[in-house]
Amino acid sequence: MAKIVFFENIHPSARAVFARAGLTDITTYNSALSPEALIEAVRGAEVLGIRSRTQMDRAALAAAAPSLRTVGCFCIGTNQVDLKGAAEQGVPVFNAPFSNTRSVAELVIAEAILLLRRVPEKSDRVHHGHWDKTATGAYEARGKTLGIIGYGNIGSQVGTLAESIGMRVIFHDLEAKLPLGNARAQPDLSVLLGEADVLTLHVPGGRGTENIINADTLKQMKPGSILINASRGGVVDIDALRDALVSKHIAGAALDVFPVEPKSVDEPLASPLIGLPNVILTPHIGGSTMESQENIGIEVAEKLVRFIQTGTTKGAVNFPELSYEDAEGAARLLHVHRNEPGVLASLNNLLAERKLNIVSQRLHTKGGIGYVITDVDGNIDAGALEAVRKQSSTIRADVV
Ligand SMILES: NC(=O)C1=CN([C@@H]2O[C@H](COP(=O)(O)OP(=O)(O)OC[C@H]3O[C@@H](n4cnc5c(N)ncnc54)[C@H](O)[C@@H]3O)[C@@H](O)[C@H]2O)C=CC1
Ligand SMILES: O=C(O)C(=O)COP(=O)(O)O
């Protein structure tokens, strides 16, 4: 039976999906692990379930080879996984691209309103015995401009919600996007920075988005504006943001993600933003609602089970996508290979030599990786599977 390991408190709905498929060998960890502990925990696993904090880098992937068949990110972001390394190891990676988007969007709107009204600072003052009843520095959201960097699934929802409370919405994205409602694309980032009263970031993590908000771009932001980051910690240069907050060029900020995040509940956050007034710091909970976590558990677990049972890779983020659920023969061979000429011919010759008639076959390639699912009318025994594995182009082969 497939050995499954879950990290970071994945919702029980995922376990229920696996159980319905007869897969019950699940080890769970409530937090992310250190690199050393992770390497030990993933050994021998066929399926890994992680969220945003488990770093599946080359070393962790290597530790899980050759048993590892698939990784499920029970979240949206997949920058914590070495996606290329996983593909080269024949391991498709899945995620949940939509299930927590509304949760993030709602939090961002709430934070925009709270920061415009300076609520974090005022609440703190009341807790400490001060009754500063003043309108100074407090504004309505209505009529203000919301600038969105990254107008994807989350950014566009934030825009729609913002319009419903009377905000004007402008967005900047690398790709052409359909503006929803009255939102307007702004191809010039510096113009957007200069116009936005509230700036919110919804780009993916990774090298392409590192420090988009830095000393330079902060200077271009409208004086007295607000910054919200619920994307990835690396998108904002935190020291530069601190300077901008201390000088009051930026009036407030909400940060849900950080360049280095604590791995468990007992580890405090280390950040130069701690203690600054009108700054909301949250423990990466943008997508953490009861609704979203339950849905994500089901969505990703179903993708993993489908892959384990049928080889279907629809929705994989790093892998050739093959949607192929109904087996048409007696056995099914999943073959991941280097994408080079002659692979299919030699695979099919090998099956022919073993009198395994092909009932149906589908192939897809992505980058240097090819993936072929073959249904045959006979039994693929251990000898045949071993022969396929020994072919020079084979990365991984399994029978389901
Ligand atoms: N705080 C939290 O708990 C959560 C954080 N996230 C983060 O939010 C990110 C965005 O999520 P989605 O909206 O679902 O992703 P998405 O893929 O739908 O949208 C991202 C958008 O950013 C754009 N983009 C990429 N690089 C850019 C750049 N340099 N400048 C401008 N635009 C750029 C893309 O073209 C795309 O339209 C995720 O990748 C994840 O890192 C997601 C869910 C929860
Ligand atoms: O979905 C994402 O990308 C998130 O950042 C949420 O991550 P989490 O599942 O809360 O670790």
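Predicted model: local features only at pLDDT ≥ 70, side-chain atom pairs only at ≥ 80, totals over all residues.
Reader: How many residues apart in sequence are threonine 70 and valine 47, and how far apart in space?

Author: The two separations are counted in their own ways. Along the sequence, threonine 70 and valine 47 are 23 residues apart; from C-alpha to C-alpha the distance is 5.2 Å.

Reader: Where in the secondary structure is threonine 70 found?

Author: Threonine 70 is in strand S4, which covers residues 70-73. The protein has 13 helices and 16 strands.

Reader: Is threonine 70 buried or exposed, and why?

Author: Burial is judged by a count: a residue is buried if 20 or more other C-beta atoms lie within 10 Å of its own. Threonine 70 has 25 other C-beta atoms within 10 Å, so threonine 70 is buried. Of the 400 residues in the protein, 43% are buried.

Reader: What share of contacts in the protein between residues at least 6 apart in sequence join residues at least 24 apart?

Author: The share is 65%.

Reader: Which residues are around ligand 2?

Author: A ligand's surroundings are given as a list, then sorted by class. Around ligand 2 are Arg51, Ser52, Arg53, Cys75, Ile76, Gly77, Asn100, His284, Gly287 and Ser288. Sorted by class, this shell has six polar, two nonpolar and two charged residues.

How values were computed
Residues numbered from 1 in each chain as written. Chains lettered and ligands numbered in written order. Near = placed C-beta within 6 Å. Nonpolar A, V, L, I, M, F, W, Y, C, P; charged D, E, K, R; others polar. Helix = DSSP H or I, 4+ residues; strand = E, 2+ residues; numbered from the N terminus. Buried ≥ 20, exposed ≤ 12 C-beta atoms within 10 Å, placed from the backbone. Contact = placed C-beta atoms within 7 Å.
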